Amino acid sequence: GGVITRTPVSDQSRIAYDLRQMFESLPDDGNRAKNVYMAGFYSALYDSFGNALPNKRSIRSFSTEAGNGKFSSEPTFLFHMAGLSNNFDPNTYDLHYTYADDFVMSALQDSDSGTLAAEAARALNLWMYCAHELWQSLDQCTTASRADINNDVLGLTDNAKGAHSIDEFIAYWIGEGQTAGSSTQGYALYALTQQAGQLFNTLNPTDAYS
């Protein structure tokens with residue numbers, strides 16, 4: 001995408017290749033798409049010492065982590081959860097935390113759903129996790145400001161005032177393999193936004209980063 005971040009997020013950006021694999025596998029190889037969605041494939045995880053872990057980052061985890069209450073205080077998540085749930089009951093909202101995963105898994109079980117599971121994984125799971133990264137960055141920035149942390153001393157590479165969370169948002173939104181301004185050379189939310197811009201004729205033809 002031509003964007004330079006201040007913190008390392010290349011592994012996060014490779015989650016876009018999991019989406020690519022899902023799109024390429026569906027509808028003919030639903031099991032392959034399901035495995036990539038559930039277990040991950042391209043996006044590596046590391047321990048606190050920088051050692052690669054045997055498991056991978058997965059698109060499914062972007063939704064299932066909500067089951068642990070990770071997003072329960074974030075307005076964007078609560079708004080979408082309520083809006084996309086059938087017969088939403090505020091007294092049992094915790095039952096709807098994994099609404100995105102529930103929908104994707106249902107689509108993966110339906111052999112007639114085409115690429116719906118991949119489309120939903122991108123529009124529901126990945127989009128909401130991007131929103132989470134922005135809320136997390138805001139929270140970190142607010143906390144740092146209240147503590148009067150000197151950003152000039154810590155530097156942006158140490159996630160001072162939420163820098164790493166913003167960089168993760170960029171990595172997830174644009175994704176690996178994205179060509180600037182393209183709606184077809186890319187697999188994550190940037191490409192989806194470009195497609196929407198073409199559909200609704202809102203793209204600026206002179207701006208590759210519209």
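Accessible areas come from the Shrake-Rupley method with a 1.4 Å probe, and for residues only the protein chains shown count as cover. By this method the protein exposes about 11,500 Å². Carbon and sulfur atoms supply 51% of that surface. The structure is a predicted model, in which local features need pLDDT of at least 70, side-chain atom pairs count only at pLDDT 80 or more, and totals for chains, interfaces and linings use all residues. Residues are numbered from 1 along each chain as its sequence is written, and side-chain values use heavy atoms, with hydrogens and water left out.

The protein contains 10 helices and 2 strands. Helices (H or I, at least four residues) and strands (E, at least two) are DSSP runs, numbered from the N terminus. Their order from the N terminus is α-α-α-β-β-α-α-α-α-α-α-α. Of the 210 residues, 39% are buried. Buried means under 20% relative accessible area, exposed over 50%, and partly exposed in between (1.4 Å probe, protein chains only). Contacts were also counted, a contact being heavy atoms within 4.5 Å. Among contacts between residues at least 6 apart in sequence, 58% join residues at least 24 apart.

A nonpolar core is a set of buried Ala, Val, Leu, Ile, Met, Phe, Trp, Tyr and Cys residues joined through side-chain atoms within 4.5 Å. The largest such core has 35 residues. Met22, Tyr37, Phe77, Leu108 and Leu126 have the most contacts inside it. Two or more core residues come from each of helix 2 (15–25), helix 3 (30–39), helix 5 (75–84), helix 6 (99–109), helix 7 (116–146) and helix 9 (163–174). Helix 7 gives the most, with 10 residues. Beyond residues up to four places away in sequence, Leu108 touches Leu26, Gly30, Ala33, Lys34, Tyr37 and Ala117.

Helix 3 has the buried residues Ala33, Val36 and Tyr37. These cover an arc of only 100° around the axis, so they lie on the same side of helix 3. The arc is that of the directions from the helix axis to the C-beta atoms. Just after helix 3, Gly40 takes a positive phi of about 75°.

The whole structure holds 11 aromatic pairs. Rings of Phe, Tyr and Trp (its six-membered ring) pair if their centres lie within 6.5 Å; planes under 30 degrees apart count as stacked, over 60 as edge-to-face and the rest as tilted. Phe71 and Phe77 form an edge-to-face pair, with 5.4 Å centre to centre and 65° between the planes. Both residues are buried. Phe71 also pairs with Tyr129: the centres are 5.9 Å apart and the planes stand at 75°, so this pair is edge-to-face. Phe71 and Tyr129 are 58 residues apart, and the pair links distant parts of the chain. Phe71 lies in the loop between helix 4 (61–64) and helix 5, while Tyr129 lies in helix 7. Tyr129 is buried, as is Phe71. Ring pairs join Phe62, Phe71, Phe77, Tyr97, Tyr99, Tyr129 and Tyr172 into a cluster.

Ser63 is placed in helix 4. Ser63 is buried, with a relative accessible area of 4%. Neighbours within four places aside, Ser63 contacts Tyr97, Thr98, Ala100, Asp101 and Asn125.

A charge sits over a ring if NZ of Lys or CZ of Arg is within 6 Å of the ring centre and within 35 degrees of the ring normal. Arg20 lies over the face of Tyr42, 5.7 Å from the ring centre. The charged end of Arg20 also sits over the ring of Tyr187, at 5.6 Å from its centre.
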